[in-house]
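The following paragraphs lead the reader through a single protein chain. Please keep the sequence and the coordinates in view while reading.

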Amino acid sequence: MAHMMAGWLKAIADRRPGLESVGLMLLALAFLLAAPQPRIDARMPQTVRYVDADIGLAAMLAAPAAGERVGYRGIARPETAGWLVWDDVPIAQDGPPLAVSTSGPFSATLWFNGEMIGNKGQPGVDADGESAGQIDSLFAVPARLIEPGGNRLVMRLSSHRAGYTPYSLVQSLFVLPYSAETRRPVRYYLPLAILGAGLVALALAFGLRAKRIGDGRGLWLSLSLTGLTLAGLAEISRAMINYPYDWHQPRQALSLLGLAIFGLALLRFAQQRWPTSGPVATLWLGATALAALAASLALTGYDAKSAAVTACLTVSAAMWIGWRGDPQARVLAIGLALVPAYALAFPADLIDRGIYALVLGLLALPAIRWPHLLQPETALPSSAPAILALQSTGRLTRLPCSDIVHLVAAGNYTEVRTLSGATHLDNRNLSALLELLPGGFVRNHRSHAVNLDHVEALTSEVGSRYQLLLKTGASVPVSRREVAGLRERLAGHKA
């Protein structure tokens, strides 16, 4: 029983970095599912009447039952110009000033109780007769136009300059308190802005570590997070600039491009971090890219395109890691598989906040606590010296690095122990000495570092305690947080 328990504890310890990362990702997922969306004090219609023909204002006002009853988000792009009618607008004569807010890739003219209250660009029966309106518009409703009951909003709209077929032409139609600001509220994108700052910091951390250890594979991670940041900036721009609606497709295309860069670079990193022989990786990458392109072309609306591309690329990366990775990496692959699941379940929320929270939750802990999991130190710096000049009071000793077995922190000093059994005291701390030594020297504990050339074995004891056995017969403790990286280094180290 004790042996089984020890084996179980060891299995958990071997997967601990991945388990902690996936745990943080699950917390992010719980927050996404449970946290309320930014609240906007607005009222919207249950259904509206819609006529897909340019029949004129008089005909619409004279026929109170004209048109098909539909949800405003279900309105298709009219062939020429269409008419939308919102009967019984919930607006009162007394109370604060109110306004009609509407957004989407269309132009429109609005009438309230038969009197025009504004234009969102200029609708027309074709592209030559239309001028593109702003993507978001707000129209004040004069108090003199408000009736005690039965208020009616009529809107003539057209969309000839979108450049694509929108999934939802009228994205919003609200009555809300009047404001001079017509852009989408910045608070709507506040979670994205906070998460985006974390992604930028993470991308820099991966890039700096790649430079420090001389392993360019980590730059693919930086590129992946840069693509995700690009997608986030494209989304946030809507709160910064109230652009004409014919700019909406380029903005959404930029967001889609950022997500594609994220997924492809993540897959490429996984292939280089956990490689295989032959052309398998190239064929896998090409097939994944073609599948993502096909999904993008087959779907209508950029939310659906973004969700499909993200799901296709991330599930491919998760499958690769699950196939080629070690036990810790396979746990990360399970966490990564949550991204495509979320993308398909909540496509609209994915690019507003979901993808950023999930990726940050999955990668933050490996970058901070388990850096060897994603970016192992496998190469020796070419500039590392063969001789270490030890400094002690009144004496300088030149010692071959190959003779050094073990270093022990001693306050502000360091004990340097050699193959011959001698111990030298250097007046620099352990961190300072490790910066001077070749990459074969690793810190396995807060107070200990070893030369991997002189390590005999890594052993574990009950309670997830680990020891390094050195060729000199000495035993050195290993911190649990360093076990994963150390085991990987030992497995690939050439004595």
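Strands here are DSSP runs of E with at least two residues, helices are runs of H or I with at least four residues, and both are numbered from the N terminus. Two strands count as paired if DSSP finds at least two bridges between them.

Some conventions apply throughout. The model is predicted, with local features requiring pLDDT of at least 70 and side-chain atom pairs counting only at pLDDT 80 or more, while totals for chains, interfaces and linings use all residues. Residues are numbered from 1 along each chain as its sequence is written, and side-chain values use heavy atoms, with hydrogens and water left out.

An open sheet of six strands runs in the order β2-β1-β3-β8-β5-β6, and its pairing is antiparallel. At its edges are β2 (68–70) and β6 (115–120), each of which pairs on one side only. From one strand to the next, the twist averages 25°; the axes are lines fitted to C-alpha atoms, for helices over the stretch in contact, and angles run from 0 to 180 degrees between N-to-C directions.

The side chains of D87 and R152 meet in a salt bridge with an N to O distance of 3.1 Å, a salt bridge being a side-chain nitrogen of Lys or Arg within 4 Å of a carboxyl oxygen of Asp or Glu. This pair links distant parts of the chain, since D87 lies in strand β3 (residues 82–87) and R152 in strand β8 (residues 152–158), 65 residues apart. D87 counts as buried because its relative accessibility is 17%, whereas R152, at 21%, counts as partly exposed. The cut-offs are under 20% relative accessible area for buried, over 50% for exposed, and partly exposed in between, with a 1.4 Å probe and protein chains only. D87 and R152 also belong to a network of salt bridges that includes R49 and R69.

The structure holds eleven salt bridges. Another of them joins E235 and R251, whose closest N and O atoms are 3.6 Å apart. That pair likewise links distant parts of the chain, E235 being in helix α5 (residues 218–240) and R251 in helix α6 (residues 248–273), 16 residues apart. Both E235 and R251 are buried. In the salt bridge of E415 with R417, the closest N and O atoms are 2.7 Å apart. E415 counts as partly exposed at 24% relative accessibility, and R417 is partly exposed with a relative accessible area of 32%.

The surface also carries a nonpolar feature. V200, L204 and L208 make a nonpolar patch of about 300 Å². Patches consist of residues with over 30% relative accessible area and no salt bridge, like charges being joined within 9 Å and nonpolar side chains (Val, Leu, Ile, Met, Phe, Trp, Tyr) within 5 Å. Accessible areas come from the Shrake-Rupley method with a 1.4 Å probe, and for residues only the protein chains shown count as cover. V200 is located in helix α4 (residues 190–213) and is partly exposed, its relative accessible area being 37%.

T393 counts as exposed because its relative accessibility is 78%. Its C-alpha atom is separated by 17 Å from that of L430, 37 residues away along the chain.

A second open sheet is formed by three strands in the order β17-β18-β19, with antiparallel pairing. β17 (455–461) and β19 (475–478) each have a single partner strand, so one side of each is left without a neighbour in the sheet. Six bridges join β17 to the antiparallel strand β18 (residues 465–470), and the bridge partner of S460 in β18 is Y466.

Taken as a whole, the chain has 14 helices and 19 strands. Of its 495 residues, 47% count as buried. Its radius of gyration is 31 Å, whereas a compact globule of 495 residues would have one near 23 Å; the radius is taken over C-alpha atoms, and the globule rule is 2.2 Å times the number of residues to the power 0.38. Along the principal axes, the C-alpha atoms fill a box of roughly 105 × 50 × 50 Å.
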